[in-house]
Amino acid sequence: MIGLQNEHGITVVKRRTAEDLLLDEGPYAQLLKEVVAAAKLRGASDIHIEPNESGVALRFRVDGNLSLYKQVDVQHRESLILEVKRIFGLAIGVSGRPQDGRAALPTYRLDLRVSLLPTHFGEKVVMRLLNLDATFEIAELGFTTVEKKILEAAIHLEDGVVVISGPTGSGKTRTLYALLKAIGPKKFNIVTLEDPIEYRIEGLNQVQVSQKMTFADALRSVLRQDPDVILVGEVRDAETAKLCFQAAETGHLVFTTLHANGATEVIERLYGLGVERLVLESNLRLSVAQRLEQKVCKSCGHTIDGDGLLKIKKAFSTSPQFDPKLLRTKNYEGCAECTDGVKGRVPVLEWANFEIQNGNRQVKVHQSLEDARVIRAFTGDIDGLEVFRETV
């Protein structure tokens, strides 16, 4: 802490921030400063600090893959973890149980979510890096023209429920923020219920849910706040699912996420949570499944030739999108511009909705994840040999 005197001569104690503590002269603070800077430079989404038999492994997750940045000797293991706790606001005197924290690093344009978990060799720390320079513009997230049109149509809906599903790290949070930003917080009352709040977006009324105030509790209160658009961070139980659709029935536009493997599985999951069929069919406007696929490095990626190309030609030569010259595969040795032949990621979307067929509402899948991957392979964005593995 730092003692500062105000204009009245009174000493005010100011707590040192994580960024202040990273500037300390100690060797462990300097190492952590180096690690954070290197992770930001490489575009890492996570830093893993993993105690092991020989010391501590420092690893970065870049474009979905973990790779070793540095190994620290065993004699530094406990001191390094203690320094992590000190700098990033975790309880130093507590061990043997999980901890969570958050730290802001304005100079690095980062917010960090910090999680600690006891393991056999010591306490493992994972830091999720939230890049404050991340874009939340639909046009800049890498969607295809068709995918972008589908998402842009969703922001013009007057009511109903839009669900985006996908595993952790599939980019669905950024997609949802981009949709809310495109709607226009200045014109509408947009309220988000999140656990945790990942990015702070100007104009949104962001609410942190907790054990004391669940998604269902918060949603009931929000409905008395004259909302136009509501983001429910995740549907975790039957009560929250039903409240989302009740909100849609009363004229609200609700965006949410749900754990499911695909767009049609979202619908099955909502049925399973007790949402009545008629209510679901009348109010679910769009179900989207999103994934992020690794991009082939443009500098070192290879064109596909030989038997592999011949088999792909045989299977897809009638497709109007097929151009064998555009097919590419990774160079797993990589180059100075990439990591293991990968440079960046692109989203792929599957989407479905209810359409009236023969007088009844039926689920229609407009693009599957498999189709989306094929389209990306035909443009050379992702590895064609991986996409067409069964073919070749």
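Two strands are taken to pair if DSSP finds at least two bridges between them. Helices (H or I, at least four residues) and strands (E, at least two) are DSSP runs numbered from the N terminus. The model is predicted, and local features need pLDDT of at least 70, side-chain atom pairs count only at pLDDT 80 or more, and totals for chains, interfaces and linings use all residues. Residues are numbered from 1 along each chain as its sequence is written, and side-chain values use heavy atoms, with hydrogens and water left out.

Six strands form an open antiparallel sheet in the order S5-S4-S3-S8-S7-S6. Strands S5 (65-73) and S6 (99-105) stand at the edges with a single partner strand each, so one side of each lacks a neighbour in the sheet. Strand S4 (residues 55-62) pairs with S5 in the antiparallel sense over eight bridges. Leucine 58 has lysine 70 in S5 as its bridge partner. Helix H3 packs on this sheet, touching S3 (46-52), S4, S5, S6, S7 (110-119) and S8 (122-131); contact means heavy atoms within 4.5 Å.

Helix H3 (residues 77-87) also meets helix H2: their axes come within 9 Å and cross at roughly 70°. Axes are lines fitted to C-alpha atoms, for helices over the stretch in contact, and angles run from 0 to 180 degrees between N-to-C directions. H2 is therefore roughly perpendicular to H3, a term for angles of 65 to 115 degrees, whereas those under 35 count as roughly parallel, those over 145 as roughly antiparallel and the rest as oblique. Tyr28, Ala29, Leu31 and Leu32 in H2 meet Ser79, Leu80, Glu83, Val84 and Ile87 in H3.
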